[in-house]
Amino acid sequence: MHAEHRYPDEDFIPVKPWRPCPICGKGDWCGFTSFGLVSCMRIEEGSFKTVIQKNGKPAYQHWLEPGRINLPALIESDSIPAAQTAPVEVRDRVYRDFLRLLYLHPRHMEDLHRRGLTEEEIRKNGYRSVPETEAPWSICRRLIQMGYDLAGIPGFYKARGPRGGTYWTFDRQPGYFIPVRDEKGRIQALQRRMDFTRGGKYRLFSGHQSRGGCSCGTPAHVARPEEVKDRRVWITEGPLKADVASKHLGAVVVGALSACTWRPAIPAVLALEAKEVVIALDRDVETNPEVARAYLTLKVELKKHGLAVSRAVWEEKKGIDDALAAGIEVRVVRV
Ligand SMILES: [Zn+2]
């Protein structure tokens, strides 16, 4: 609840059929704030002020009498408790069947080709487009009909139906899913490569805790090559980068979600029983102090576990994936 009574720039909470306007009793158009100001579009009587909105229509501002209505309960009524994240075995099964219901759009196939992956690798890694024709709720319903409980599966959440009930859904911003696998190959989470990158190029399929959703945390991805030629385990930033690098290196590559979320890479490296680790963060490790700090702490942490640590060095390209795909020489130096 807000302690200070800001007015009038406080955000209005829209009324809904299950949470109607306290003034006119209708479930649309009007809004209210957490401190008892109601902006009713229908009833002028009893209002203290009329505001002309951008669309030229009046909005009647009312103060709610204290005690007349339980505002916290009214606001609360909109939220659905978060679910506890399901164990990885469960997430893996749901995500596998979820991805099977989807297809990969040609433009996304093209993007993955451009990064240096073959059709076979694209198929094996399991990328799929966020569906563009079938509605999310319909796909959720198919999963539920298959016997799955979507509670506890990051990315899925509940929406309110027009008559107050709830149904399962997920975000449909265009892009494609990148499976984030653990050391056993199980899909623990999904990352999305977004078509529209204003909110970030890569976003996790996670969240909406106030709508019955849950968080997947920041898991590290383990990419495996067709055939292991290099016994060292490499660490880079980004699951897709790890997939591409793994193919070129013939090594297991752990992809942290970002340079600064390297910590989950440690248990992955230990589970893989690695003896030697090569760090291949982006080349801005040389210029970005935050990445440089991440690199140093990661190095120290790996050494604490008795691992031999090296660093990959290359020129020109920012990421190890692009360097390898372009045939640029990558040297490994002991640190
Ligand atoms: Zn109203």
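Reader: How many aromatic pairs does a search of the whole structure find?

Author: The search finds 10 aromatic pairs. Rings of Phe, Tyr and Trp (its six-membered ring) are paired if their centres lie within 6.5 Å; planes under 30 degrees apart count as stacked, over 60 as edge-to-face and the rest as tilted. This is a predicted model, in which local features need pLDDT of at least 70 and side-chain atom pairs count only at pLDDT 80 or more, while totals for chains, interfaces and linings use all residues. Residues are numbered from 1 along each chain as its sequence is written, and side-chain values use heavy atoms, with hydrogens and water left out.

Reader: Why is the pair of F98 and F205 stacked?

Author: The ring centres of F98 and F205 are 5.8 Å apart and the planes stand at 5°, so this pair is stacked. It links distant parts of the chain, 107 residues apart: F98 belongs to helix α2 (residues 88-100), and F205 to the loop between β11 (202-204) and β12 (221-223). Helices (H or I, at least four residues) and strands (E, at least two) are DSSP runs, numbered from the N terminus.

Reader: Are F98 and F205 buried or exposed?

Author: Both F98 and F205 are buried. Buried means under 20% relative accessible area, exposed means over 50%, and partly exposed is in between (1.4 Å probe, protein chains only).

Reader: And what about Y127 and Y176?

Author: The rings of Y127 and Y176 have centres 6.4 Å apart and planes at 80°, so they form an edge-to-face pair. This pair also links distant parts of the chain, 49 residues apart, with Y127 in the loop between α4 (119-125) and β6 (128-129) and Y176 in strand β9 (residues 175-181). Y127 is buried, at a relative accessible area of 0%, and Y176 counts as buried at 1%.

Reader: Which residues do ring pairs link into a cluster?

Author: The cluster consists of F98, F156, F170, F177 and F205.

Reader: Where does the charged end of R193 sit?

Author: It sits over the ring of Y202, 5.5 Å from the ring centre. R311 likewise lies over the face of Y295, at 5.4 Å from the ring centre. A charge sits over a ring if NZ of Lys or CZ of Arg is within 6 Å of the ring centre and within 35 degrees of the ring normal.

Reader: Turning to salt bridges, how many does the structure hold?

Author: The structure holds 17 salt bridges, a salt bridge being a side-chain nitrogen of Lys or Arg within 4 Å of a carboxyl oxygen of Asp or Glu. One of them joins R100 and D97, with the closest N and O atoms 2.4 Å apart. R100 and D97 both lie in helix α2, three residues apart, or about one turn of the helix.

Reader: Is R100 buried or exposed, and what of D97?

Author: R100 counts as exposed at 57% relative accessibility, whereas D97 counts as buried at 14%.

Reader: What do the side chains of R123 and E120 form?

Author: They meet in a salt bridge, at 3.1 Å from N to O. R123 and E120 both lie in helix α4, three residues apart, about one turn of the helix. R123 counts as exposed at 54% relative accessibility, and E120 as partly exposed at 44%.

Reader: Where does the chain place K318 and D282?

Author: The side chains of K318 and D282 meet in a salt bridge (3.9 Å, N to O). This pair links distant parts of the chain, 36 residues apart: K318 is in the loop between β16 (308-313) and α9 (320-325), and D282 is in the loop between β15 (276-279) and α8 (289-304). D282 is buried, with a relative accessible area of 5%. Elsewhere, salt bridges that share partners join E89, D182 and R186 into one network.

Reader: How many disulfides are there?

Author: The count comes to zero disulfides, a disulfide being a pair of cysteine sulfur atoms within 2.5 Å.
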